[in-house]
Amino acid sequence: MSLRYIKLSGLSESESRALKSMLRIASPLLTCQWTITEKHDADLEIYSFDSAAGLKAWKNHSSTLAALLTHQSEHNDAIDIIFKKPLHKTQFAETLNLAAEQLSKHYLQLLDETNLQPIQTHKKSWLSKITDFIRIQKNRAPPSCIELASHYA
């Protein structure tokens, strides 16, 4: 199960507590694990336009997905997701699952665009490491003095 990060911007203390509680209650219904963070770059940033801090954060947003916590169903700004108050466990979980799906598609698209291949590592046995080392060291040794003397004689 992958881990996704949510950042809360401009939410009141009660809204933040409600979201944290809702995340805990909805966790059995989620397809991936979500955690609220302030340190990491967020996969999803939830804004509240009810505060100046939320509006300021929205103007500077750079997260992959942006969500709005509001009483309204629609909004004029280009918001990816709207969490309508009051929050309900099932709708909250379904919305986060859709967000996780969008993020997965987005990251796969980025992988395709950059032609990056996932790094596949495999452990080599000690014997294969030694044979690789011997192959590298198997370069021809410099000629000895006797070989040089017979060459020039």
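The legends below describe close-up views of a predicted model.

**View 1. Overall make-up of the protein.** The secondary structure of this predicted model comes to five helices and five strands. Read from the N terminus, the elements follow the order β-α-β-β-α-β-β-α-α-α. The protein has 153 residues, of which 30% are buried. Among contacts with a separation of 6 or more, 57% are between residues 24 or more positions apart.

**View 2. The five-stranded sheet.** The strands form an open sheet in the order β2-β1-β3-β4-β5, and their pairing is parallel. Strands β2 and β5 (81-84) are the edge strands, each pairing on one side only. From one strand to the next, the twist averages 25°. Helix α1 packs on this sheet and touches β1, β2, β3 and β4. The direction of α1 makes about 160° with that of β2. Helix α2, residues 52-59, also packs on the sheet, where it touches β1, β3 and β4. The direction of α2 makes about 140° with that of β3.

View 3. Strand β1, helix α1 (residues 13-26) and strand β2 make up a β-α-β unit that is right-handed. Strand β1 covers residues 3-9 and strand β2 covers residues 33-36. The two strands run parallel and are joined by four bridges. Within this pairing, Ile-6 has Ile-36 of β2 opposite.

**View 4. Pairing of β3 with β4.** Strand β3 spans residues 44-47, and strand β4 spans residues 65-70. Four bridges connect β3 and β4, and the sense is parallel. Glu-45 has Ala-66 in β4 as its bridge partner.

View 5. Ser-51 belongs to the loop between β3 and α2. The relative accessible area of Ser-51 is 22%, so this residue is partly exposed; the cut-off for buried is under 20%. Ser-51 and Leu-11 are 40 residues apart in sequence, and their C-alpha atoms are 7.3 Å apart in space.

**View 6. The salt bridge between Glu-15 and Lys-85.** The structure holds two salt bridges. One of them joins the side chains of Glu-15 and Lys-85, with an N to O distance of 2.4 Å. Glu-15 lies in helix α1, whereas Lys-85 lies in the loop between β5 and α3, so the pair ties together parts that are 70 residues apart in sequence. Both Glu-15 and Lys-85 are buried. For Glu-15 the relative accessibility is 12%, which is buried because the cut-off is under 20%. Leaving aside residues up to four places away in sequence, Glu-15 touches Ser-48, Asp-50, Leu-69 and Lys-85.

**View 7. The cis peptide bond at Pro-86.** Between Lys-85 and Pro-86 the peptide bond is cis, and its omega is near -10°. Pro-86 sits in the loop between β5 and α3 (89-114).

View 8. Glu-101 and Lys-105 form a salt bridge in which the closest N and O atoms are 3.5 Å apart. Both residues lie in helix α3, and they are four residues apart, about one turn of the helix. Glu-101 has a relative accessible area of 42% and is therefore partly exposed. Lys-105, at 54% relative accessibility, counts as exposed, because the cut-off for that class is over 50%.

**View 9. The aromatic pair of Phe-83 and Phe-92.** The structure holds one aromatic pair. It is formed by Phe-83 and Phe-92, whose rings are 5.3 Å apart, centre to centre, with 45° between the planes. This arrangement is tilted, because planes under 30 degrees apart count as stacked and those over 60 as edge-to-face. Phe-83 is buried, at 3% relative accessible area. Phe-92 is buried as well, with a relative accessibility of 2%.

Key. Residues numbered from 1 in each chain as written. Predicted model: local features only at pLDDT ≥ 70, side-chain atom pairs only at ≥ 80, totals over all residues. Heavy atoms only, no water. Pairing = 2+ DSSP bridges. Right-handed = clockwise from strand over helix to strand, strands pointing away. Phe/Tyr/Trp six-rings, centres within 6.5 Å; stacked < 30°, edge-to-face > 60°. Buried < 20%, exposed > 50% of the residue type's maximum accessible area, 1.4 Å probe, protein only. Axes fitted to C-alpha atoms, helices over the stretch in contact; angles between N-to-C directions. Contact = heavy atoms within 4.5 Å. Salt bridge = Lys/Arg side-chain N within 4 Å of Asp/Glu carboxyl O.
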